[in-house]
Amino acid sequence: MTGAETHTYQLLWPLVITFVAPFVILLTGRNQNVREGVSFVGAALTFISVAMFIPDVLRDNLAGTVTLFHILPGITVSFCLDGLGIIFALIAPFLWCFATSYNIGYMRSLNEHAQTRYYFYFGVAIFGAVGVAMSANIFTLYLFYEIISVFTYPLVAHHEDEEGFAGAKKYMVYLMGTSKLFLLPAMGLTYALVGNLDFSLGEMTRGIFVNADGTYKTALAVANPWLIQLTYVLFIAGLAKAALMPFHNWLPSAMVAPTPVSALLHAVAVVKAGVFSVSRVILSGFGSQTMHDFGLSLPTAYVAAFTIVVASIIALTKDDIKARLAYSTVSQLSYVVIGVAMIGAVAGDPYGANTSAVQGGLMHIGNHAFGKITLFFGAGAIYVATHLKAISKMNGLGRRMPFTFGAFGLASLTMIGMPPAAGFASKWFLLNGAMSAGHIILLVALLCSTILNACYFVPIFYRAFFCK
C-alpha cells in the first residue's frame, strides 16, 4: 500500500456520519420534518468531512490510510482517500442532499407508505457508497459493495406488489449471485497469488501483482498467464453493478421502484459503486503494466463498446420513459469502463498509461451522475403531475411543465455529449484516448453512441414543446 499510513481517525468521519444518520432517521421517524432534516444534515456533514481532505489529495494524491481490523495476514478492513476515491466520496453525499429534497415532494405527494423505512435504507445505501469509495483493499470494497446490494433490496421492492417483488428478486439474483460466483473467487485467487489484497494507491502503473522494480511478485502467474487473466475476468463479471452486458438485465427490471430509488440506483450509489469498483480494480489492482502484459485492456474496451452501442439501440425501442433512461444508463456506464480499460492500450508505449482515456472515464462518473439524476427527477415530476410514463403520450407537456422539461433537455445534452454540457468534456477525452490507443473500432463506437443518444433523447424534448 503506497502512502504513509496515518493513525488519525479523522479520516473515518464520513463513514461515521453516514452510519449514524440512518439510525437517527429511524428514531425520529414519527416527525416527518425532523426525519428528513436529519437526511439533509447527514448529507451536508458527510460532504464537508470528505471535502476537508481535498487539499491533501491534491498535494499528495493520498490523504492517508487507516486500518480498523486485521482479519488474516494481508487481509484487513482499511480505508483511504486518494484521487480516485475522493471523486465518488464527494458525489454520493452531495447528490444525497438533492435526492432528499426530491424525496420529500415525491413521497408526500403520492402519500407513499413506509416512508421512514424508505429513508433509513436510502441512508444506509449512501453509507455503503462512501465505504466503497474509501476502501483501501479488495476485502473492504467487497464488504461495502454487498452492503449496498442488501440494503437497496427493500427500496426496489418498496411497493410490495407482485411486480415489485419480481424486480427485486432479479435485482438480488444478479448482484448477489455474480458477487458470490465470481467476485469471491477472484479475491481468493488474488490472495493466493500475491499474499494480500491491498490496492496500489497513488499510481496507475504497477498494480498489486508487480514489485517496485517492475518484476512480477509471483512466478506462478508468469509461468501460467491464464491465472491472471482468469482472476481479471472473475473480477469484471463479479462487479455486475457496472451493468456490462450480459450482466445488465437487473437494471431495467429494478425500474419498478419509486422514481427517487431509480435515481439512487442510476446516479448516486448503486451503478456508480459498480463502475467505481471496476475502475479501482483496473487502476489500483492491475495497473497499466499488468493490463498490457496480459492482454486485458482491449478485450475489456471492446465489451464496453459493444454494451454502449447495443444498449443505445435498445433504448430507442422503449416508449416507457424510465425504461429508456434505464438502457441509457447501461450504455453510459460503459463510457467509464471503456475509459479506464484503455489504460494499458497506448500505441507505441507498452507501459504508458492512457491518461486521456482514464480522465474521460473518471470524469464521466460525475458528469453522468448529475445528468442522470436530473433526468430521473424530471421523469418522476412528470409522473406525479400527470401519471404518465409513455413518451408517446407526452405531446405538448413542455408547455405545461416548462421548467421540468427544460431541465430534462439540458441534462439530455450531457448524455448526448453536446457542448457546452459537461458530457462533452468527458467524451472528448475518451475520443482522444481511443485515438491514442490506435483502435478505430473504439472511436467509431463512441461516435455512433453520440448519434444514438441524440436519437432517443431529442424526440422526448421535441414532443414536449413542438407537438400538439
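Helices here are DSSP runs of at least four residues, numbered from the N terminus. I am working from a predicted model.

**Entry 1: Arg-35**

I looked up Arg-35 and found it in helix H2, residues 32-51. Is Arg-35 buried or exposed? Its relative accessibility is 2%, and the cut-off for buried is under 20%, so I noted Arg-35 as buried. Next I checked its side chain for partners. The side chain of Arg-35 makes a polar contact of 2.9 Å with the side chain of Thr-116. I then listed its contacts, leaving aside neighbours within four places in sequence. Arg-35 touches Ile-25, Thr-28 and Gly-29, and also Gln-115, Thr-116 and Tyr-119.

**Entry 2: helix H14**

I moved on to H14, which runs over residues 321-341 and has 21 residues. From first C-alpha to last, H14 reaches 30 Å, close to the 30 Å expected at 1.5 Å a residue. I checked burial next. Of the 21 residues of H14, 21 are buried, so the helix is largely enclosed by the rest of the structure. What caps the N-terminal end of H14? I found Asp-320 there, with a side-chain oxygen 2.9 Å from the backbone nitrogen of Lys-322.

**Entry 3: H17 against H19**

I looked at how H17 (residues 402-416) packs with H19 (residues 440-466). The angle is about 170° and the axes are 9 Å apart. Angles over 145 degrees count as roughly antiparallel, so I recorded that label for H17 and H19. On the H17 side, the contact residues include Phe-405, Phe-408 and Met-415. On the H19 side, they include Phe-457, Ile-460 and Phe-461. I noted the make-up of this contact as 12 nonpolar residues, 5 polar and no charged.

Technical notes:
Residues are numbered from 1 along each chain as its sequence is written. This is a predicted model: local features need pLDDT of at least 70, side-chain atom pairs count only at pLDDT 80 or more; totals for chains, interfaces and linings use all residues. Side-chain values use heavy atoms; hydrogens and water are left out. Helices (H or I, at least four residues) and strands (E, at least two) are DSSP runs, numbered from the N terminus. The expected span of a helix is 1.5 Å times one less than its number of residues. Buried means under 20% relative accessible area, exposed over 50%, partly exposed in between (1.4 Å probe, protein chains only). A polar contact is a pair of N or O atoms within 3.5 Å; within protein, one must be able to donate a hydrogen and the other to accept it, and residues adjacent in sequence count only if both atoms are side-chain atoms. Axes are lines fitted to C-alpha atoms, for helices over the stretch in contact, and angles run from 0 to 180 degrees between N-to-C directions. Angles under 35 degrees count as roughly parallel, over 145 as roughly antiparallel, 65 to 115 as roughly perpendicular and the rest as oblique. Contact means heavy atoms within 4.5 Å. Ala, Val, Leu, Ile, Met, Phe, Trp, Tyr, Cys and Pro count as nonpolar, Asp, Glu, Lys and Arg as charged, and the others, Gly among them, as polar.
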